[in-house]
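Take each task in turn, then follow the solution step by step.

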Amino acid sequence: MIDVAAALGADCGELLDGTGIDAATLERADARVSLLQQYAMLCRRAVVLTGEPALAYEFGLRSTLTTHGILGYGLMSQATLRHVLQFADRFAAVLRMPAWNMRFFIDEHCAVMEGRETISHGDLRRFSCETLLVSVSTIARQLLPADAGIELLFEHPEPPYHDRYRERLPACTFSASANQMRIPLRYLDLPLKMADAVSAQIAERECARELDLIGEQRDVVNQLRAILVHQPNGYPSFEAIASRLYMSPRTLTRQLAERGTSFRRLLAEARNRDSRTLLKDPRLSLTDIAQRLDYSSQANFARAFRTWNGVSPGRYRERSIRTR
């Protein structure tokens, strides 16, 4: 991000001032910076200093496999796209994109990478989403044929600067129900030109070692967020989640507290995430949505939604429909 901002005219000293990131940190391969404090501050400052509202696009379009070190080395060494997705599912989010819960799956027509926030991004939500999807699609295009037919789906409305980048990006759909990269199934088992079985094994071993070093092999917060998906009978109970994670409810409560959160807070995040999706469906009334999300009344749902988003559910729905 520093390199991209500097290439667009930002002064590196001004960019880093007050972030707590110094030159020595940048030179250390094992150094880590805070996501919510240092990196978020850096991104906000980079947008201001470059004057480029599409900075996330610029970052994503300049991504390379080597940008991600041993992870990128592992991705390029896989035999097929199917193996790439399996490798990324195991390592990518924790090692390189901890702000997102990344899910890789196959549907009827496509191989899909879907990203859901693991933290509240606030004013950086669109920026972070564009960074994620443009980056992963740029890397995917380095592995696949030029005509692979990659498609990107963004939850947010089309930004005004998108026209400037339309020809440089895959096909994009905005105001979608999820943030996804989609690749046609015909490429799933196509042999990749840089495949190397020994290199893939080396990369897997080193990525596993890095997971151990940073102590996030069992990131209980991300695991719980991934499980908190609304089902026809509601959200899974705390006891059911604890059992699925092979913990007692008391142990899970303690581990969440040690990480500065709670089941109640994470459930509220899940409800807020799902409410924004449901509000885009004009067939559902606000009462329907409140009931689906296990609120005792529409008023309680509206109060919670306003607390999270600063607007009423009705106003949010009007904006979503108007920007489609």
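**Exercise 1. Locate Glu258 and decide whether it is buried or exposed.**

Step 1: Glu258 sits in helix α12, which covers residues 249–258; helices (H or I, at least four residues) and strands (E, at least two) are DSSP runs, numbered from the N terminus.
Step 2: Its relative accessible area is 57%.
Step 3: Buried means under 20% relative accessible area, exposed over 50%, and partly exposed in between, using a 1.4 Å probe and protein chains only. Glu258 is therefore exposed.
Step 4: Glu258 and Arg303 are 45 residues apart in sequence, and their C-alpha atoms are 29 Å apart in space.

A note before going on: this is a predicted model, in which local features need pLDDT of at least 70, side-chain atom pairs count only at pLDDT 80 or more, and totals for chains, interfaces and linings use all residues. Residues are numbered from 1 along each chain as its sequence is written, and side-chain values use heavy atoms, leaving out hydrogens and water.

**Exercise 2. Describe the surroundings of Thr261.**

Step 1: Look in the loop between α12 and α13 (263–278), where Thr261 lies.
Step 2: With a relative accessible area of 14%, Thr261 is buried.
Step 3: Leaving aside residues up to four places away in sequence, Thr261 touches Val221, Leu256 and Leu266; contact means heavy atoms within 4.5 Å.

**Exercise 3. Check the span of helix α15.**

Step 1: Helix α15 has twelve residues, 298–309.
Step 2: The expected span is 1.5 Å times one less than the number of residues.
Step 3: That gives 16 Å, and the end C-alpha atoms are 16 Å apart, which agrees.
Step 4: Just after α15, Gly310 takes a positive phi of about 80°.

**Exercise 4. Step back to the whole protein: how many helices and strands are there?**

Step 1: There are 16 helices and five strands.
Step 2: Buried residues make up 48% of the 324 residues.
Step 3: The C-alpha trace spans about 55 × 50 × 45 Å along its principal axes.
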